[in-house]
Amino acid sequence: HSGGTFVMHFSLFTLGALAATALALPSINHVLHEKRDRLPPGWEYHEKLSPTKVLPMKIALTQSNLDKADEFLMDVSSPASSNYGKHWTHQDIANKFAPSAETVDTVKTWLTSAGIAPERISRSQSLGWLKFDATVDEAENLLKTEYHLYKHSTGKPHVSCSEYRIPEHVAPHVDFITPTVHFDAKVPQAVAKPVEKRAPPPTAAVGRPVQTNAALGIGDPTSGSLPKKGATLSRQNITDELKAELQNCNR
């Protein structure tokens with residue numbers, strides 16, 4: 001009996017310790033990162049995506065020094081500057097606006113803790129993206145969402161979800177993720193409308209409140225817009241207009 005009592009006490013002690021450990025673990029709060037409130041014109045739901053299908057996931061990391069973009073531009077374009085005419089290379093731009101080490105580490109830690117092995121994760125040459133392949137099941141668990149296949153009236157297929165969530169502490173380090181809410185598939189151009197007719201308003205992929213205005217244009221199936229246009233105008237400005245200015249001004 002004494003042996004049985006010892007086993008019972010030990011079991012109760014073990015269960016208590018496990019319960020205390022579980023309570024001590026911090027709970028991860030997932031927050032809405034982007035949401036699409038309607039389908040773009042011409043698209044319709046087709047079917048739930050198979051959990052074994054593989055998706056090419058890309059995470060656009062929050063960039064550094066975006067608030068200094070005008071300063072950098074003036075530094076190479078103003079005759080009064082000592083750096084006047086010293087144009088930037090592609091690598092200069094990538095390095096200057098590269099995400100911080102904290103951002104890269106935070107996002108990688110989140111991915112590995114969710115079961116994405118480090119060797120599966122690669123970083124883009126521009127330094128602003130993390131890329132990895134994931135099954136639909138993995139992606140759905142990672143982003144707390146469901147993936148579906150949609151088809152355009154032309155027959156063009158597209159994979160998307162209506163919204164996704166990421167851990168609250170990770171959100172400041174992520175600009176946006178693809179494939180998710182954006183409809184960036186190129187489809188055949190429709191017959192041109194008469195000039196007097198006004199084009200319908202674009203469908204916005206609504207994201208975080210401070211950045212939703214940059215999502216305008218996403219969802220127009222004739223726009224052929226790239227996924228990166230679904231997040232912030234700042235990223236688009238850096239990769240296009242500012243990049244051209246920093247490299248080519250005064251030539």
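The model is predicted, with local features needing pLDDT of at least 70 and side-chain atom pairs pLDDT 80 or more, while totals for chains, interfaces and linings use all residues. Residues are numbered from 1 along each chain as its sequence is written, and side-chain values use heavy atoms, leaving out hydrogens and water.

Me: Why is His182 called buried?
Reply: Buried means under 20% relative accessible area, exposed over 50%, and partly exposed in between (1.4 Å probe, protein chains only). His182 has a relative accessible area of 3%, so His182 is buried.

Me: What makes the pair of His182 and Glu34 a polar contact?
Reply: A polar contact is a pair of N or O atoms within 3.5 Å; within protein, one must be able to donate a hydrogen and the other to accept it, and residues adjacent in sequence count only if both atoms are side-chain atoms. The side chains of His182 and Glu34 are joined at 3.0 Å.

Me: Why does His87 count as partly exposed?
Reply: The relative accessibility of His87 is 25%, so the residue counts as partly exposed.

Me: Why is the pair of Tyr45 and Tyr150 called edge-to-face?
Reply: Rings of Phe, Tyr and Trp (its six-membered ring) pair if their centres lie within 6.5 Å; planes under 30 degrees apart count as stacked, over 60 as edge-to-face and the rest as tilted. The structure holds four aromatic pairs. For Tyr45 and Tyr150 the centres are 6.0 Å apart and the planes stand at 80 degrees, so the pair is edge-to-face.

Me: Which accessibility class does each of Tyr45 and Tyr150 fall in?
Reply: Tyr45, at 44%, counts as partly exposed, whereas Tyr150, at 7%, is buried.

Me: What makes Trp129 and Phe176 an edge-to-face pair?
Reply: Their ring centres are 5.6 Å apart, with 90 degrees between the planes. Trp129 lies in strand S5 and Phe176 in strand S9, so the pair ties together parts that are 47 residues apart in sequence. Strands (E, at least two residues) and helices (H or I, at least four) are DSSP runs, numbered from the N terminus. Trp129 counts as buried at 11%, and Phe176 is buried at 0%.

Me: How do you know that Lys58 lies over the face of Trp129?
Reply: A charge sits over a ring if NZ of Lys or CZ of Arg is within 6 Å of the ring centre and within 35 degrees of the ring normal. Lys58 lies over the face of Trp129 at 4.2 Å from the ring centre. Arg36 lies over the face of Tyr150, at 5.6 Å.
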